[in-house]
Amino acid sequence: MQAHKQRKTGEFAAVLLSVWLGITATTVSHLWSVYDPVKANPILLKMGSWMPGWWGIGPYAGKETAGLLVWLATWAIFHWTIGRKEVALKPWTIVFAVAFIANLIVIWPTVYHALLGWPNMPNTLPGG
Amino acid sequence: MRPLFTARDFAVTQASIAALLFLSIPLFNVMGFSNHKLAAILHGLGATVTVIMSCQTLHLIYPMLRGKAGAPARLEWMLWLTNLMVLLTIVFGNWLYIAYRAPDGPQEWLLYHSPALHLIVMEYKEFVSLYPLPLGIAAAVLLRRFRHALEPGSAASGIIALLITLFWICLLIGFVFGIGLAKLRMV
């Protein structure tokens, strides 16, 4: 029981922050590839090229990689920094819940396509 | 007098029949016309098993929140198993996604015939279905490290319950959107 007493509430903050940042990294990389596909997609494709089948999964493999890397890297960093302090959990919980829902709204395609534009449909292209 | 069937008998009957019939939904594709049957069935079965297990996981947070002895350990065990299924289903989903995006595949077909199904339903689902992985692993690690120190009504057990509830919500979004898409156009 002694060991458990030494664990700090900051570990909860580290977990919440890193999960949200990881999720947001997939969102941001996706919005980037919607806004500027010519520039973003080759970079995302390269980032995902460690993954079996990346050639068929496409830029999505890079978006998954971005999320995975940001989640695990920030978790490690925050675990050894915020995780060693005592924090007030209530504000962390509220901010996390609001930020999580905000991400669910931003990644709803009609929201970001309304802001960043809709892609061309194959049967609306000139000569299509 | 001892009744012929106990309440437990009825509950177990319902649970087994429900599990069996729910699992048959993706298995119908064994008799289907898909060119990517194995990937499609594995992804569908994985998603169905994951959602059934996640419901049990969600139910196990209630005794934990009430501070019942041994509840955090049982929840943690179930959550790790569900996390494993989440990871497997994501891997199968990525595999199936290759066929989905392939030339002349469902993505192209949907963009011609009903663009919203790809541009809204699929684009939302492919991201939201990833969220359960970090949410579930985060909750399981917190349970592992704090399971002996959780007090009923504490902010700590509340955060674990919140993470698992969001985990379940995102799984269900992925599941329902996925079934909806597969109903309209199989990969």
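**A tour of chains A and B**

Select α2(A) and α5(A), which are therefore roughly antiparallel to each other, a label given to angles over 145 degrees. The model is predicted, so to speak of local features requires pLDDT of at least 70 and side-chain atom pairs count only at pLDDT 80 or more, while totals for chains, interfaces and linings use all residues. Residues are numbered from 1 along each chain as its sequence is written, with chains lettered from A and ligands numbered from 1 in the order in which they are written.

Stay with this pair: α2 covers residues 10-35 of chain A and α5 covers residues 59-80 of chain A, packing at about 155 degrees with axes 8 Å apart. By class, their contact has 13 nonpolar, 10 polar and 3 charged residues, where Ala, Val, Leu, Ile, Met, Phe, Trp, Tyr, Cys and Pro count as nonpolar, Asp, Glu, Lys and Arg as charged, and the others, Gly among them, as polar.

Next, display both chains and select their contact, which takes 31 residues from chain B and 33 residues from chain A, two residues being in contact if their C-beta atoms, placed from the backbone, lie within 7 Å. On the side of chain B that touches chain A, α5(B) gives the most, with 7 residues, and by class that side has 24 nonpolar, 3 polar and 4 charged residues.

Finally, select residues 77-100 of chain B, one of the stretches that UniProt (unreviewed entry) lists as "transmembrane region", although such annotations may be inferred rather than shown by experiment. Here the chain is 100% helix, helices being DSSP runs (H or I) of at least four residues, and the end C-alpha atoms are 34 Å apart.

Conventions. Helices (H or I, at least four residues) and strands (E, at least two) are DSSP runs, numbered from the N terminus. Axes are lines fitted to C-alpha atoms, for helices over the stretch in contact, and angles run from 0 to 180 degrees between N-to-C directions. Angles under 35 degrees count as roughly parallel, over 145 as roughly antiparallel, 65 to 115 as roughly perpendicular and the rest as oblique.
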